[in-house]
Amino acid sequence: MKQEIATEEEMYNFAKSVLLNLESRNIIFLYGDLGSGKTTFTKGLAKHLCIKETVTSPTFVLCKEYNIENSKFSKLVHFDLYRLEKEQDALDIGILEYVDNRNNLVVVEWPEILDKSFFDSFNNSIFRIYIKHGENNFRCVEYENNN
Ligand SMILES: Nc1ncnc2c1ncn2[C@@H]1O[C@H](COP(=O)(O)OP(=O)(O)O)[C@@H](O)[C@H]1O
Ligand SMILES: [Mg+2]
């Protein structure tokens, strides 16, 4: 599926539609260049999950957790793997334990370093989204509708 996003507000609405279409999946992979809107999408998720804390980019801390009330998920866990070099680095910060707990909604920016060992176990739990930066505020998002 492909969708045009014209404003930040529309990205927030797109995040809501993804939440409603996760079904049994608890992992969202966000692919896209710097500034394409991965963190903005995650802020949209947080808004619809009624998280009051401000979601900021975890580029330097690698991972941030936010508690969720009244949802099938009890935590939003936001990873940014941009600064890591290899899958093992992500395993070292505990990504497997986070995704293995289905009470966690795990969002991963820059998932490209993850590899076979990750996909062998979690492929069916991943909702992948590809964001492309157009002119000005335009973005194009592509995703798989279903498993
Ligand atoms: N349609 C849009 N969707 C998402 N972000 C947008 C859009 N239009 C403008 N922006 C702005 O673009 C920037 C995207 O940055 P960010 O979400 O941090 O990107 P990334 O995490 O992919 O590096 C933000 O400043 C956001 O306000
Ligand atoms: Mg980001």
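The protein chain folds into 5 helices and 7 strands. Helices (H or I, at least four residues) and strands (E, at least two) are DSSP runs, numbered from the N terminus. From that end, the elements run β-α-β-α-β-β-α-α-β-α-β-β.

This is a predicted model: local features need pLDDT of at least 70, side-chain atom pairs count only at pLDDT 80 or more, and totals for chains, interfaces and linings use all residues. Residues are numbered from 1 along each chain as its sequence is written, while chains are lettered from A and ligands numbered from 1 in the order in which they are written.

**Overall form**

The C-alpha trace of the protein chain spans about 35 × 35 × 30 Å along its principal axes. Of its 147 residues, 30% count as buried, meaning that 20 or more other C-beta atoms, placed from the backbone, lie within 10 Å of a residue's own; 12 or fewer make it exposed, and values in between partly exposed.

**Around ligand 1**

The shell of ligand 1 holds 16 residues, with Gly 37, Lys 38, Thr 39, Thr 40 and Asn 137 the closest. A residue is near if its C-beta atom, placed from the backbone, lies within 6 Å. Helix H1 (8-20) and helix H2 (38-48) each give two or more residues to this shell. H2 supplies the largest share, 3 residues.

| Class in the shell | Members of the class | Count |
|---|---|---|
| Nonpolar | Ala, Val, Leu, Ile, Met, Phe, Trp, Tyr, Cys, Pro | 3 residues |
| Polar | the others, Gly among them | 9 residues |

**Asn 136**

Asn 136 sits in the loop between strand E6 (126-133) and strand E7 (139-143). Asn 136 counts as exposed because it has 8 C-beta neighbours inside 10 Å.
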